Structure formats: C-alpha cells, structure tokens
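Subject: Handing over the structure

Dear colleague,

Please find the structure below, together with its sequence.

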Amino acid sequence: MNTTAQYSSLAFERLPETEQLASSRAFLAQMRTRRTVRDFSTEPVPFELIENAIATAATAPSGANQQPWTFVVVSSPAVKQAIRTAAEAEERESYAHRMSDEWLAALAHLGTDWHKPHLEDAPYLIVVFRQSYGLATDPETGEMTKVKHYYSEESVGIAVGMLLCSLHQAGLATLTHTPSPMGFLNTILNRPANERPYVVIPVGYPAADAQVPVITKKSLDTVLVRVE
Ligand code: IYR
C-alpha cells in the first residue's frame with residue numbers, strides 16, 4: 001500500500017464516438033500540414049502564442065512527474081546573434097570534419113549546411129534544456145543536494161513534441177535544430193550545470209519565399225503493426 005499518494009477524482013469528459021472521430025481526424029489533417037521550416041520572416045509574433053505553447057509543453061507526462069525541463073525564450077537580437085555565431089562555428093566544423101560521409105549522405109536530400117540565418121531571422125528562439133538532475137536544499141544541513149531524475153530524455157522529448165504541436169496549431173512555423181556540440185548555449189544563456197541543451201527551436205512565420213524539401217512520410221502500414 002502506498003502511504004504517501006493522495007488522490008482526487010479524475011475529471012474526464014467522455015465524448016460521443018462521432019465527436020471523437022471528428023476531432024481525431026481534424027487533428028490529423030492539421031498535423032499533416034506541419035513542415036519543418038528553415039526560411040523565416042522577421043515579422044513579430046504575439047508572445048502569448050509562445051507562452052501558451054510552453055504552458056502546453058509543461059503539461060507533458062514526465063518520469064516521476066519531475067518535469068525536468070527549462071524553456072528559455074530568446075528575442076534579444078544581440079543574444080540571437082551570439083547563438084548564431086557560436087552555432088555556425090560548431091556546424092561549420094561538423095559539416096567539414098566531424099560528420100561521417102554516411103551522415104552527410106543521409107542529410108543530402110534536406111539541403112542543410114552550416115549556414116543558420118534562421119537563428120537571427122526568427123523572432124523567437126526557444127532553447128529547451130533538459131535537467132539531467134534536480135537540485136534541492138537539504139533541510140538538515142541547508143546544503144544543495146542533487147536529486148536523481150528519471151527518464152529525463154524521454155520526458156523532454158514528449159514535452160517538445162507537444163510544444164511543436166501547439167506552435168503549429170497556433171499558425172507558426174518551427175525548426176528543430178540541434179547544433180552539435182551545444183555546450184555554448186549554457187554559457188550564452190547562463191544556465192546551470194544540471195541543465196543540458198536539448199534542442200533550439202526557431203519560431204516565427206515562414207519567409208514569403210520559403211522553400212521546403214520534397215519529402216514523404218512513411219505510410220501507415222509500414223509504421224503501424226497490429227497484434228490482435
Ligand atoms: N545539426 C546539423 C545537421 C543536421 C542533422 C540532422 I540528423 C538533421 O536532420 C538536420 C541537420 C544542422 O542543423 O544542420
């Protein structure tokens with residue numbers, strides 16, 4: 001018997017099946033229009049859209065409900081420029097020397113390279129940090145102690161998925177960008193050692209002439225396996 005858990009009744013609205021289907025189909029159709037965008041307009045975006053997306057992400061399930069995430073929202077042109085400069089320096093090195101031929105070949109159809117103008121053009125960068133462990137004050141000694149976090153990679157991945165859905169639903173474009181290595185983000189954004197950069201997400205409107213690579217998604221019958 002768990003002696004510390006406390007419960008309340010679940011608030012759950014059972015929908016009629018027709019409504020379930022309509023809602024599920026509408027969401028699918030909406031999500032199918034999402035594309036990763038690399039060409040951003042500098043047009044400003046209402047901050048509440050960013051705030052609501054982060055509030056949505058923060059409802060995600062997480063290991064032991066530890067919510068091991070921090071979302072840093074950057075709109076300062078000087079800080080965006082610093083991030084771009086550092087990211088491009090790393091990416092330049094990666095594309096030239098660190099990525100294998102196999103990796104470069106796998107990416108070729110996306111047309112990416114080390115240039116990252118979107119890091120300055122997009123009105124907001126959401127930099128997501130994963131808290132690899134937590135920090136708590138020991139009530140007896142008053143000292144800061146480390147708290148182990150469980151499944152933090154999975155937890156932050158789920159939260160980022162929900163963040164991307166919310167931003168798309170709000171009519172915004174995103175790019176999931178992972179410069180490698182990303183340690184410079186701790187320095188520029190002054191984040192503590194328990195926070196590891198997870199992904200940089202430029203957010204905004206697509207540029208008027210934005211181009212996207214022609215790609216397809218795997219068909220349902222190749223990704224869905226039924227065991228009945
Ligand atoms: N981080 C690099 C390279 C890159 C890697 C993968 I895997 C991609 O799907 C796309 C890009 C970059 O951002 O260009």
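This is a predicted model: local features need pLDDT of at least 70, side-chain atom pairs count only at pLDDT 80 or more; totals for chains, interfaces and linings use all residues.

The ligand site

The shell around the ligand consists of Glu91, Tyr95, Met99, Trp103, Leu107, Asp113, Lys116, His177 and Thr178, and by class it has four nonpolar, two polar and three charged residues. Two helices, α3 (77–98) and α4 (101–107), each supply at least two residues of that shell.

An N or O atom in the side chain of Glu91 is 3.0 Å from a nitrogen atom of the ligand, while the side chain of Lys116 has an N or O atom 2.5 Å from a ligand oxygen. For His177, an N or O atom of the side chain is 3.0 Å from an oxygen atom of the ligand. The ligand taken alone exposes 370 Å², and the protein buries 70% of that.

The strands

Four strands form an open sheet in the order β1-β2-β6-β5, with antiparallel pairing. Because β1 (69–74) and β5 (173–174) stand at the edges and each has a single partner strand, one side of each is left without a neighbour in the sheet. The pairing of β5 with β6 (residues 195–204) is antiparallel and runs over two bridges, and Thr174 has Val203 in β6 as its bridge partner.

Strands β3 (residues 133–137) and β4 (residues 144–148) also pair in the antiparallel sense, over five bridges, and Gly134 has Val147 in β4 as its bridge partner. These two strands, β3 and β4, form a hairpin with six residues between them, and Gly142 in the turn has a positive phi of about 75 degrees.

Backbone details in the loops

Most residues other than glycine have a negative phi, and most peptide bonds are trans. With that in mind, two places may be worth a look in the viewer. Tyr151, in the loop between β4 and α6 (152–169), has a positive phi, near 50 degrees, although Tyr151 is not a glycine. A cis peptide bond joins Ser180 and Pro181, with omega about -10 degrees, and Pro181 lies in the loop between β5 and α7 (184–189).

Overall layout

The protein has eight helices and six strands, and from the N terminus on its elements run α-α-β-α-α-α-β-β-β-α-β-α-β-α. Its C-alpha trace spans about 60 × 55 × 40 Å along the principal axes.

Technical notes. Residues are numbered from 1 along each chain as its sequence is written. Side-chain values use heavy atoms; hydrogens and water are left out. A residue is near a molecule or strand if one of its heavy atoms lies within 4 Å of it. A polar contact is a pair of N or O atoms within 3.5 Å; within protein, one must be able to donate a hydrogen and the other to accept it, and residues adjacent in sequence count only if both atoms are side-chain atoms. Accessible areas come from the Shrake-Rupley method with a 1.4 Å probe; for residues, only the protein chains shown count as cover. Ala, Val, Leu, Ile, Met, Phe, Trp, Tyr, Cys and Pro count as nonpolar, Asp, Glu, Lys and Arg as charged, and the others, Gly among them, as polar. Two strands pair if DSSP finds at least two bridges between them.
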